[in-house]
Amino acid sequence: MAASEEKRAEREARKKERDAARAKRQYERLRSHVVTCPACGAEALDHMTKCPKCGAELTPAGYKPAMDEKTKKRIRAVTYTVGAVIVVAAIVLVTVFN
Ligand SMILES: [Zn+2]
């Protein structure tokens with residue numbers, strides 16, 4: 001009886017140790033993603049684009065804009081042109097075949 005209780009206590013102690021170690025690892029992982037806001041000194045996570053406290057712009061780690069403004073404008077112009085051509089073609093076809 002006493003032996004089994006001892007075993008159980010031992011098991012629980014080991015489980016507590018494992019849980020504590022896991023919590024420590026998770027905490028360390030979280031801390032590795034914390035950055036300090038250059039404007040107000042508050043802590044933010046490294047994927048954030050704005051400080052949660054003062055709203056200052058942050059540069060997220062590993063972030064780079066997908067494309068520059070020039071490329072974006074060019075793609076938009078091409079898209080509008082193609083769209084306009086399709087609309088005009090549709091109108092012409094409907095007019096011709098009616
Ligand atoms: Zn801030």
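These legends describe views of a predicted model of one protein chain.

**View 1. The order of elements in the protein chain.** The protein chain holds two helices and two strands. Read from the N terminus, these elements follow the pattern α-β-β-α.

**View 2. Helix H1, residues 2-31.** H1 is made of 30 residues. From the first C-alpha to the last, H1 reaches 43 Å, which is close to the 44 Å expected at 1.5 Å a residue. How many of the 30 residues of H1 are buried? The count is zero, and H1 is hardly covered. A residue counts as buried here if 20 or more other C-beta atoms lie within 10 Å of its own.

**View 3. Helix H2, residues 69-96.** H2 has 28 residues. Its reach from first C-alpha to last is 40 Å, close to the expected 40 Å at 1.5 Å a residue. Why does H2 lie largely in the open? The number of buried residues among its 28 is zero, so H2 lies largely in the open.

**View 4. The protein chain as a whole.** The C-alpha trace spans about 95 × 45 × 20 Å along its principal axes. The radius of gyration of the protein chain is 30 Å, whereas a compact globule of 98 residues would have one near 13 Å. Buried residues make up 3% of the 98 residues.

**View 5. Contacts along the protein chain.** Consider the contacts between residues at least 6 apart in sequence. What share of them joins residues at least 24 apart? In the protein chain that share is 0%.

Technical notes
Residues numbered from 1 in each chain as written. Predicted model: local features only at pLDDT ≥ 70, side-chain atom pairs only at ≥ 80, totals over all residues. Helix = DSSP H or I, 4+ residues; strand = E, 2+ residues; numbered from the N terminus. Expected span 1.5 Å × (residues − 1). Buried ≥ 20, exposed ≤ 12 C-beta atoms within 10 Å, placed from the backbone. Rg over C-alpha atoms; globule rule 2.2 N^0.38 Å. Contact = placed C-beta atoms within 7 Å.
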